[in-house]
Amino acid sequence: MIGVAILGFGTVGSGVYEVLKVNADSIARKTGEEIKVLRVLDLREFPGHEVEEVLTHDFEDILNNDDIKIVAEVMGGVDVAFKFSKAALEKGKSVVTSNKAVVAAKGTELMKIAKENNVNYFIEASCGGTIPIIRPLCTSLTADKIMSIKGILNGTTNFILTKMTEEGKPFDEVLKTAQQLGYAEADPTADVEGHDACRKIAILSSVAYGKTVNFENIYTEGISKITDKDIAYAKKMNSVIKLIGSSENFGDGISARVAPFIFSDRHPLASVNNAFNAIYVEGNMSGCTMYYGAGAGKYPTAAAVCGDIIDAALHLGRNISMDWDLDAEMKVYDINDVAVKGLVRVAYNDENEAKKAVEEFFGINAYINIEGADDEFAFVSADETEGTMKEKMAALSANAAVKEIRNMIRMEG
Ligand code: HSE
């Protein structure tokens, strides 16, 4: 028997408990031993639930139980999750996690501690829910140099954008449904403003390019400014809007950002809807591969955590390292130097003069109009850098014929 502890009995934690119970036989066949939950840590009580038998409010009960070899940290947050994970690793227990916040902030440190103690810190469930992506990057694509990653990495925002696009539903209503379905974070600002996707692209980029990417260096913009009008412009161009976490490898450094992007509906990422996630990886030899699946939700995330529990059980006392130099930090280019092309929505006081200003600053004289947006037009910029785009938009905004720039949405390709 291999003992497991679960830290946190919320959506994912209770899912891990159930997956280990429902699939106990097949899991035991794969590990060669019974995997048994010996303790579940949570501050709350669960009267009448069978978890009461193993429930503890004291982490020391887990730390000091030598039968517990694997700890699933699914509590969320950074400080306490880090403290408990560190203590467990130092005690010779492997830790598996779905907690992208702690992996992005402290993953390097925890992986070093795991290595020193001949145990493992596995993070498959931290990115893309149930989608196998960390292992494929570490194993299947090892002969490649990864050149770029583009991912729909947040289920909540993809669900919101899908419902706004397909059903014309308002943002707030769809967010509430996403919360009820267990996709959203406790504070959904992390989803909506792109912080969750930012942590995930930082983790994936670290794994793919082999050096730690500091998530704080990644430019991040969420979907809170996306309106029905933006979606209508995208539709007019046979396109959709997706929140994308992306990074590109230039050898001496990477560019990285999280932002809503307009994708042609012919792009494979355009058909990824609802809470599904997908990660589109470009290798210098294999070309493009895409990994797709449920990116959020109780059982999909729990299944990924349990996959790591099985891997940890198969490698007790042996550290499995990734090709990730835990002592090196990856240079992330200044966002102002990163290439961009965007759809710019211009509201005007004087249409002709505003168009003249667009031609003067952007060199563009082709415009897009949608129904119901009578005081504005939009245009697609040429290739710019984020820096020149910002400068040109500031100059355009300052023109008397221009009322305001309503949005600038980046375009793929
Ligand atoms: N809140 C996250 C999402 C959960 O919506 O994708 C999975 O990490």
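User: Happy to dig into this one with you! About how much space lies in the largest pocket?

Analyst: Good place to start. This is a predicted model, and the pocket volume is computed on a grid over the protein atoms alone. For the largest pocket, the space comes to about 830 Å³.

User: Which residues lining the largest pocket are the closest to its centre?

Analyst: The lining of the largest pocket is made up of 38 residues. Those closest to the centre are Gly76, Lys100, Ala184, Glu185 and Ala186.

User: Nice. Which pocket holds the space taken by the ligand?

Analyst: Here a molecule sits in a pocket if more than half of its atoms lie within 2 Å of the grid points. The space taken by the ligand is the largest pocket.

User: Which elements give two or more residues to the shell around the ligand?

Analyst: The ligand is surrounded by residues including Gly155, Thr156, Asp196 and Lys200. The elements giving two or more residues to that shell are helix 7 (155–167) and helix 10 (195–209).

User: What percentage of the ligand's exposed area does the protein bury?

Analyst: An oxygen atom of the ligand is 2.6 Å from an N or O atom in the side chain of Lys100, and a backbone N or O atom of Gly155 lies 2.7 Å from a ligand oxygen atom. A polar side-chain atom of Asn154 is 3.4 Å from an oxygen atom of the ligand. Taken alone the ligand exposes 250 Å², and the share buried by the protein is 92%.

User: Finally, which strand gives the most to the lining of the largest cavity?

Analyst: The count comes to one cavity of 30 Å³ or more, and the largest cavity has a volume of about 40 Å³. Its lining includes Asn407, Met408, Ile409 and Arg410. With four residues, the element giving the most is strand 19 (residues 402–411).

Definitions and conventions. Residues numbered from 1 in each chain as written. Predicted model: local features only at pLDDT ≥ 70, side-chain atom pairs only at ≥ 80, totals over all residues. Heavy atoms only, no water. Near = heavy atom within 4 Å. Polar contact = N/O pair within 3.5 Å; in protein donor to acceptor, adjacent residues only side chain to side chain. Areas by Shrake-Rupley, 256 points an atom, 1.4 Å probe, with all protein chains shown as cover. 1 Å grid on protein atoms, 1.4 Å probe; cavity = no way out; pocket = protein on both sides within 12 Å on 5 of 7 lines; lining within 4 Å. Points joined across faces, edges and corners; volume = space filled by probe spheres on them.
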